[in-house]
Amino acid sequence: MVIILLGPPGVGKGTQGALLTESFGWERIATGDLLRGARRDGTELGRQAQSYMDAGNLVPDELIVALVREHLKKLPPERGVVFDGFPRTLAQAEALDQVLPEVGRKVDAVLLLEAPADVLVKRLSGRRSCPQCERIYNIHFDPPVTEGTCDECGARLIQRKDDLPDTVRHRLSVYRDQTRPLVTHYEEGSTPVLRIEGDRKLEHVTRAIRRSLVKQLGVEA
Ligand code: AP5
């Protein structure tokens, strides 16, 4: 199974993607997390990506496609995959269409999560994440038990630099201009696009995603 989680910044791709991998044992390939990991490790990729990410712009397609290709090739062929934050441009979608057959796979569905911009800005301003285990929290909707500390591993939580209001607004416009058009790309092809209303309680979104995967794709719950 290959699923693409598509949607604007803050809609819940990371949160729901992590739950999907827990429920179904799939591998989550989250390009944002991989890039932040590369930055923490001080690699050449991390260095090249830094200024794009901090400004809320997209990292060049060739760097992203090479990163995804490398990860896909390492996966056991029977393992399901959830792409979170990839593809984000038409060029990345076309590259994925070429890379997947090389590893005997194809895209089974796109899960499109959507919510109004004011909801997204509020969520992102309240997001805190664990730099160690990558668990995501929200000071308004899903706080840790002890303020500022990860429930899972005890690390100090951080606020992402690109979650500051001006950068969030820029990321939303980048999404609208460069990523949202992918919906038409997939709808015009033969890939099902499953639309999920993201502006409701976290557990309701999770339930809607599971229902849709079971009903539309026959995934076993
Ligand atoms: P990335 O890390 O992928 O960021 P993003 O797509 O902008 O998405 P976010 O992580 O901001 O949001 P999300 O939808 O995952 O929401 P989350 O679950 O955290 O990318 C960062 C940067 O890396 C990009 O700007 C770019 O520079 C670069 N990059 C990455 N991939 C790239 C690519 N393919 N090509 C080029 N460049 C790339 O939830 C947000 C908050 O809301 C959390 O606090 C959460 O707790 C809360 N929340 C979630 N669901 C709910 C709910 N239902 N109700 C209330 N709160 C909720």
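Where is Gly85 found? Gly85 sits in the loop between strand 3 and helix 5; helices (H or I, at least four residues) and strands (E, at least two) here are DSSP runs, numbered from the N terminus. Before going on, a word on the model: it is predicted, so local features need pLDDT of at least 70 and side-chain atom pairs count only at pLDDT 80 or more, while totals for chains, interfaces and linings use all residues. Residues are numbered from 1 along each chain as its sequence is written, and side-chain values use heavy atoms, with hydrogens and water left out.

**Around Gly85**

Gly85 counts as buried, at 9% relative accessibility; buried means under 20% relative accessible area, exposed over 50%, and partly exposed in between (1.4 Å probe, protein chains only). Leaving aside neighbours within four places in sequence, Gly85 is in contact with Leu5, Lys13 and Thr31, where contact means heavy atoms within 4.5 Å. Gly37 is 48 residues from Gly85 along the chain, and their C-alpha atoms are separated by 15 Å.

Pro87 has its place in the loop between strand 3 (81-84) and helix 5 (90-102). The peptide bond leading from Phe86 to Pro87 is cis, with omega near -5°.

**Helix 2**

Thr31 and Gly37 both turn up again among the buried residues of helix 2, along with Gly32, Asp33, Leu35, Arg36 and Ala38. What do the buried residues of helix 2 pack against? They pack against strand 2 (27-30), helix 3 (44-55), helix 4 (61-74) and strand 3. After helix 2 comes Gly42, with a positive phi near 70°.

**The ligand**

Now for the ligand. There are 36 residues around it, and Thr15, Asn57, Arg88, Arg127 and Arg171 come nearest; a residue counts as near if one of its heavy atoms lies within 4 Å. The shell divides into 15 nonpolar, eleven polar and ten charged residues.

| Residue | Protein atom | Distance to a ligand oxygen |
|---|---|---|
| Gly12 | polar backbone atom | 3.1 Å |
| Arg88 | N or O atom in the side chain | 2.6 Å |
| Asn138 | N or O atom in the side chain | 2.9 Å |

On its own, the ligand has 1,000 Å² of accessible area, and the protein covers 96% of that; these areas come from the Shrake-Rupley method with a 1.4 Å probe, and for residues only the protein chains shown count as cover. Helix 1 (13-24), helix 2 (31-41), helix 6 (117-126), strand 6 (136-138) and helix 9 (202-217) are the elements that give two or more residues to the shell. Helix 2 provides the largest share, four residues.

Val11 belongs to the loop between strand 1 (2-6) and helix 1. It's buried, at 3% relative accessibility. Val11 and Leu113 are 102 residues apart along the chain, yet their C-alpha atoms are separated by 6.4 Å. Besides Leu113, Val11 is in contact with Glu114, Ala115, Leu120 and Arg123, leaving aside neighbours within four places in sequence.

Over in helix 7 (residues 165-179) there's Thr167. Thr167 is buried too, with a relative accessible area of 15%. Not counting residues up to four places away in sequence, Thr167 touches Asp54, Ala55, Gly56, Lys161 and Asp162.

**Cysteines, and Glu134**

How many disulfides are there? The count comes to zero, a disulfide being a pair of cysteine sulfur atoms within 2.5 Å. Take Cys130: its closest cysteine sulfur, in Cys153, is 3.4 Å away, so that's too far for a bond. Cys133 has its closest cysteine sulfur in Cys150, at 3.6 Å, again too far for a bond. Cys130 is buried at 2% relative accessibility, whereas Cys133 is partly exposed at 36%.

Glu134 lies in the loop between strand 5 (127-129) and strand 6. Its phi is positive, near 70°, in a residue other than glycine. At 34% relative accessibility, Glu134 counts as partly exposed.

Terms used
Polar contact = N/O pair within 3.5 Å; in protein donor to acceptor, adjacent residues only side chain to side chain. Nonpolar A, V, L, I, M, F, W, Y, C, P; charged D, E, K, R; others polar.
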